[in-house]
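The sequence and the structure are shown first.

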Amino acid sequence: MSPHILVVGGTGMLSGLVEALAGDGGRLSLLSRHASNAAGENGFDCDYHDTDAFAAALEAAVERSGPIDLAIAWFHSLKIAAPRLLAEQVGG
């Protein structure tokens with residue numbers, strides 16, 4: 001089975017990477033404020049500053065595509081809970 005790759009913030013600076021990963025046909029999940037516009041059913045809309053919404057989006061991504069094997073994230077700040085929540089999910 002192909003690895004589940006999760007990208008946080010992939011509609012901005014990482015959008016080219018998301019397009020390349022989507023073209024590989026693997027299991028790809030995208031979390032961002034407008035993720036569903038960019039990734040359809042594999043996009044989970046959330047703002048990583050909203051801890052509860054981010055945690056729910058992570059849970060939904062894992063429920064849909066299985067454990068996260070690799071995460072690629074762009075956070076403007078590490079003084080939020082999202083990086084820790086993401087780290088706890090990777091490889092789980």
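Tyr-48 and Phe-75 are both buried in this predicted model, and Phe-54 is buried as well. A pair of aromatic rings is described by the distance of the centres and the angle of the planes. These two values are listed below for each pair.

| Aromatic pair | Centre to centre | Angle between planes | Class |
|---|---|---|---|
| Tyr-48 and Phe-75 | 5.0 Å | 80° | edge-to-face |
| Phe-54 and Phe-75 | 6.4 Å | 70° | edge-to-face |

Which parts of the chain does the pair of Tyr-48 and Phe-75 link? Tyr-48 belongs to the loop between β3 and α3, while Phe-75 belongs to the loop between β4 and α4, and the two residues are 27 residues apart. Tyr-48, Phe-54 and Phe-75 make up one aromatic cluster.

When neighbours within four places in sequence are left aside, Phe-75 is in contact with Val-8, Tyr-48, Phe-54, Ile-80, Ala-82, Pro-83 and Leu-86. The largest nonpolar core has 16 residues, and those that touch the most other members are Leu-6, Val-8, Leu-31, Phe-54, Leu-58, Phe-75 and Leu-86. Two or more residues of this core are supplied by each of β1 (4–8), α3 (51–65) and α4 (82–89). The largest share, four residues, comes from α3. Apart from this core lies another one, of eight residues, including Ile-5, Val-18, Leu-21 and Leu-28.

**The sheet**

In what order do the strands of the open sheet run? The four strands follow the order β3-β2-β1-β4, with parallel pairing. The edge strands, each pairing on one side only, are β3 (43–45) and β4 (70–73). Direction ignored, neighbouring strands of the sheet are turned by 15° against each other on average.

The pairing can be followed strand by strand. Between β1 and β4 there are four bridges in the parallel sense. Within this pair, Val-8 stands opposite Ala-73 in β4, and the bridge partner of Ile-5 in β4 is Leu-70. β1 also pairs with β2 in the parallel sense, over five bridges. Here His-4 stands opposite Arg-27 in β2, and Val-8 has Leu-31 in β2 as its bridge partner. The parallel pairing of β2 with β3 extends over three bridges, and Ser-32 stands opposite Asp-45 in β3.

**Helices and connection**

The chain passes from β1 through α1 to β2, and this β-α-β crossover is right-handed. Helix α1 (residues 15–23) packs on the sheet and touches β1, β2 (27–32) and β4. The direction of α1 makes about 155° with that of β2. Helix α3 packs on the sheet as well, where it touches β1, β2 and β3. The direction of α3 makes about 165° with that of β2.

**Ser-15**

Ser-15 is found in helix α1. Is Ser-15 buried, partly exposed or exposed? The relative accessibility of Ser-15 is 27%, and buried requires under 20% while exposed requires over 50%; Ser-15 therefore counts as partly exposed. Ser-15 and Ala-38 are 23 residues apart in sequence, and their C-alpha to C-alpha separation in space is 8.8 Å.

Terms used. Residues numbered from 1 in each chain as written. Predicted model: local features only at pLDDT ≥ 70, side-chain atom pairs only at ≥ 80, totals over all residues. Heavy atoms only, no water. Core = buried A, V, L, I, M, F, W, Y, C linked by side-chain atoms within 4.5 Å. Buried < 20%, exposed > 50% of the residue type's maximum accessible area, 1.4 Å probe, protein only. Contact = heavy atoms within 4.5 Å. Pairing = 2+ DSSP bridges. Axes fitted to C-alpha atoms, helices over the stretch in contact; angles between N-to-C directions. Right-handed = clockwise from strand over helix to strand, strands pointing away. Phe/Tyr/Trp six-rings, centres within 6.5 Å; stacked < 30°, edge-to-face > 60°.
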